[in-house]
Amino acid sequence: MSGNIKLLSDTLAAAKAEGRSALIAYLPAGFPTVEGGIEAAKAVFAGGADVVEVGLPHSDPVLDGPVIQTADDIALRGGVKIADVMRTVREAHQATGKPVLVMTYWNPIDRYGIERFTAELAEAGGAGCILPDLPVQESATWREHADKHGLATVFVVAPSSKDARLAEITAAGSGFVYAASLMGVTGTRESVGAQAQDLVRRTKATTGLPVCVGLGVSNPEQAAEVARFADGVIVGSAFVKRLLAADGDLADGLDGVRALAAELAEGVRKRA
């Protein structure tokens with residue numbers, strides 16, 4: 001079975017045709033429970049997200065700040081498995097018909113097996129994978145299997161990336177490019193800043209792929225700011241905070257993430 005890279009590309013192209021950025025939401029699988037995580041993904045789609053990234057919880061999430069680390073810890077203590085990640089992808093996609101990716105560090109895939117992981121992700125209807133810690137020069141085997149199964153390989157670029165390095169990364173990637181707006185870990189910020197705009201400009205000079213910005217966006221005003229120069233706005237910690245704030249009341253948490261998605265969806269359409 002082939003994955004949904006075309007659905008991802010078509011979704012990003014449709015947002016561009018509407019004169020706006022796409023809204024991409026991140027949620028960890030298994031948080032607050034496996035079933036709760038699935039419902040949260042459906043809720044952010046219902047609120048207006050175009051794409052959802054399902055995080056594969058990891059014990060050493062080097063890119064993730066304290067909010068997502070807290071959610072990962074809850075998921076891991078709850079016994080979340082890769083099978084639960086695949087189930088989350090499957091059920092969120094089947095319920096909405098929208099593109100769902102997995103965001104994961106490399107070690108779990110390496111241990112699970114590349115062929116097994118890509119085949120199962122495609123079978124679940126996944127659109128691809130975001131791999132923040134897989135070096136491009138070591139990615140050939142992964143990309144071969146991802147291509148075979150119709151999955152996007154999304155790499156992360158950072159403000160510290162030199163232009164030649166950007167070109168190397170974007171040439172190897174597919175689906176879109178994840179531009180980290182700043183050096184550091186995930187989390188909400190007061191300002192996303194000019195650094196992100198410069199990184200998008202430099203990245204776009206190397207590729208025709210959409211460039212989507214993550215790290216730090218948490219409210220409609222920031223979403224509108226980033227939407228002026230990026231093809232997609234990625235929001236994670238702000239959604240997780242809504243679920244954490246619900247303190248175990250899933251219905252309240254789902255209302256929170258649905259409402260935030262609606263606010264952010266309006267923000268990406270304003271392009272302040």
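Contact here means heavy atoms within 4.5 Å. With that cut-off in hand, T88 touches A29, G37, I38 and V54, leaving aside residues up to four places away in sequence. Keep in mind that this is a predicted model.

- T88 sits in helix α4, which covers residues 82–96.
- Buried or exposed: which is T88? Its relative accessibility is 2%, and buried means under 20%, so T88 counts as buried.
- The side chain of T88 has a polar atom 2.8 Å from the backbone oxygen of D84.
- Two of the residues that T88 touches are G37 and I38.

**Helices α2 and α12**

- Helix α2 spans residues 34–47 and helix α12 spans residues 250–270; their axes come within 7 Å and cross at roughly 30°.
- Angles under 35 degrees count as roughly parallel, so that is the label for α2 and α12.
- The crossing in which α2 passes α12 is right-handed.
- On the α2 side, the contact is made by G36, E39, A40, A43, V44, A46 and G47.
- On the α12 side, L250, L254, V257, R258, A261, A262 and A265 make the contact.
- Sorted by class, this contact of α2 with α12 has 10 nonpolar, 2 polar and 2 charged residues.

**Helices α3 and α11**

- How do the axes of α3 and α11 cross, and at what angle? Helix α3 (residues 66–77) and helix α11 (residues 237–245) have axes that come within 9 Å and cross at roughly 55°.
- That angle makes α3 and α11 oblique to each other.
- As for handedness, α3 and α11 cross in a left-handed way.
- From α3, the residues V67, I68, T70, A71 and I74 take part, and they meet S237, V240, K241 and L244 of α11.

- A13 belongs to helix α1, residues 5–17.
- With 45% relative accessibility, A13 counts as partly exposed, because that class lies between the 20% limit for buried and the 50% limit for exposed.
- A13 and D231 are 218 residues apart along the chain, and their C-alpha atoms are separated by 9.0 Å.

Key. Residues are numbered from 1 along each chain as its sequence is written. This is a predicted model: local features need pLDDT of at least 70, side-chain atom pairs count only at pLDDT 80 or more; totals for chains, interfaces and linings use all residues. Side-chain values use heavy atoms; hydrogens and water are left out. Axes are lines fitted to C-alpha atoms, for helices over the stretch in contact, and angles run from 0 to 180 degrees between N-to-C directions. Helices (H or I, at least four residues) and strands (E, at least two) are DSSP runs, numbered from the N terminus. Angles under 35 degrees count as roughly parallel, over 145 as roughly antiparallel, 65 to 115 as roughly perpendicular and the rest as oblique. A crossing is left-handed if the near helix is turned anticlockwise from the far one by less than a right angle, and right-handed if clockwise. Ala, Val, Leu, Ile, Met, Phe, Trp, Tyr, Cys and Pro count as nonpolar, Asp, Glu, Lys and Arg as charged, and the others, Gly among them, as polar. Buried means under 20% relative accessible area, exposed over 50%, partly exposed in between (1.4 Å probe, protein chains only). A polar contact is a pair of N or O atoms within 3.5 Å; within protein, one must be able to donate a hydrogen and the other to accept it, and residues adjacent in sequence count only if both atoms are side-chain atoms.
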